[in-house]
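Dear colleague,

I am passing on the structure we spoke about, which you will find just below.

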Amino acid sequence: MSRISLNNHLYESGVSDELRHLINDISRAGKYIHNAIRTTDLGLAGSSNTFGEEQLKLDVLSNDIVKEELKESRLVCCYASEEESSEMTELLSDAPFTVVFDPLDGSSLLDCNLAIGSIFGIYESKGKLMGKTPRDQVAALYLVYGPRTILVYSTGKGVHAFYLNEVGEFTLLEKNLTMKDEVKTYAPGNLRAVVDTPSYRTMMNLWLDEGLTLRYSGGMVPDIHHMLIKGAGIFTNIGGSKYPKGKLRLLYECGPFAYIMEQAGGASSDGTKSVLDVEITDLDQRTPIITGAKKEVKRVSKVLNE
Ligand code: AHG
Ligand code: MN
Ligand code: MN
């Protein structure tokens, strides 16, 4: 039988038992979110998150699902979520891991039935993240809920993709996702920034002149997943006047993806250095991000700095 389960893959890769259990527990949260997306009403929850963004019932429910699984795992000391107040929540003081997550990224795309996702970063520091960087993550993973539900993880030993099969198990789809140094597609986020960041417009014009294909859905998870599966491409979300540091969050969105992208042989940058080296000073901090094929990340950073 050639089927390889997520648990078996983690085991065979020599991931520690504790981290393997935690990733399995997070994957279970993913299954419940997968189900919730299909069965829960899409309306507003009547609340907003710490960024002042209106929450959908599904944002709140997905957050509750993840919280429950983290609690039940008994492996998580503390967590911070994009959908909660900007504080760490303690679950079990002497447990080994700190988990940061965006339970449902891109939820404004839900009513249009476009793909959305969940993003997780795992640290070992007991709730103390200030002064650390996303390079301190010991694992990162995301789930993309599209026509199929797919989970992609890295524990620092390559990047591996699994699909949720018909009996509810994550089964290996592709191991060692690898980024080539090739760019045929571009995914330019926070594009309104071209108005006050002329170098972003310059970059856009270069891509248009070079005949690149636009692949932008408005969801960071499917947009970056697209690049990882094709092994090529470039994704940007950079600053302008409305969002001086771009729209995306270091802890919940950019950090985990930078970890995964660099593990796949791609690169990430905030314009000057790897996103993995951006110091965490605030749970809610935003950061510009340029990520994808290595050479292109370098070129974009250069053009943006001119
Ligand atoms: P969230 O749903 O958590 O608020 O995040 C949506 C994000 C991200 O998925 C996407 O890349 C970005 O918003 C899109 O921004 P623009 O529409 O400004 O390009
Ligand atoms: Mn988000
Ligand atoms: Mn969100």
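Thr 133 is placed in the loop between strand 6 (116-123) and strand 7 (139-145), where helices (H or I, at least four residues) and strands (E, at least two) are DSSP runs numbered from the N terminus. Please bear in mind that this is a predicted model, in which local features need pLDDT of at least 70 and side-chain atom pairs count only at pLDDT 80 or more, while totals for chains, interfaces and linings use all residues. Residues are numbered from 1 along each chain as its sequence is written, chains are lettered from A and ligands numbered from 1 in the order in which they are written, and side-chain values use heavy atoms, with hydrogens and water left out.

Thr 133 is buried, at a relative accessible area of 16%; buried means under 20% relative accessible area, exposed over 50%, and partly exposed in between, with a 1.4 Å probe and protein chains only. Leaving aside residues up to four places away in sequence, Thr 133 touches Tyr 123, Leu 276, Asp 277, Val 278, Glu 279 and Ile 280, a contact being heavy atoms within 4.5 Å. A polar atom of the Thr 133 side chain lies 3.0 Å from the backbone oxygen of Leu 276.

**The manganese site**

The manganese ion (ligand 3) is coordinated by Glu 82 (OE), Glu 83 (OE) and Asp 102 (OD), at 2.5 to 2.6 Å. Donors here are N, O and S atoms within 2.8 Å of the metal (3.2 Å for Na, K and Ca), and since water is not among the atoms, sites may look incomplete. Glu 82 also bridges the manganese ion (ligand 3) and the manganese ion (ligand 2), which lie 3.6 Å apart. Glu 82 is in the loop between strand 3 (76-81) and strand 4 (89-90), whereas Asp 102 is in strand 5 (residues 97-105), so that the pair links distant parts of the chain, 20 residues apart. Both Glu 82 and Asp 102 are buried.

**Ser 118**

Ser 118 lies in strand 6 and is buried, with a relative accessible area of 0%. Among the residues that Ser 118 touches are Asp 102, Pro 103, Tyr 142 and Tyr 145. The side chains of Ser 118 and Tyr 145 are joined by a polar contact of 2.6 Å, meaning a pair of N or O atoms within 3.5 Å, of which, within protein, one must be able to donate a hydrogen and the other to accept it, and residues adjacent in sequence count only if both atoms are side-chain atoms.

**Aromatic rings**

There are 5 aromatic pairs, counted for rings of Phe, Tyr and Trp (its six-membered ring) whose centres lie within 6.5 Å, with planes under 30 degrees apart taken as stacked, over 60 as edge-to-face and the rest as tilted. The ring centres of Tyr 142 and Phe 257 are 5.0 Å apart and their planes stand at 40 degrees, so this pair is tilted. Because Tyr 142 belongs to strand 7 and Phe 257 to helix 6 (residues 250-263), the pair ties together parts that are 115 residues apart in sequence. Both Tyr 142 and Phe 257 are buried, and elsewhere Tyr 79, Phe 101 and Phe 120 form one aromatic cluster.
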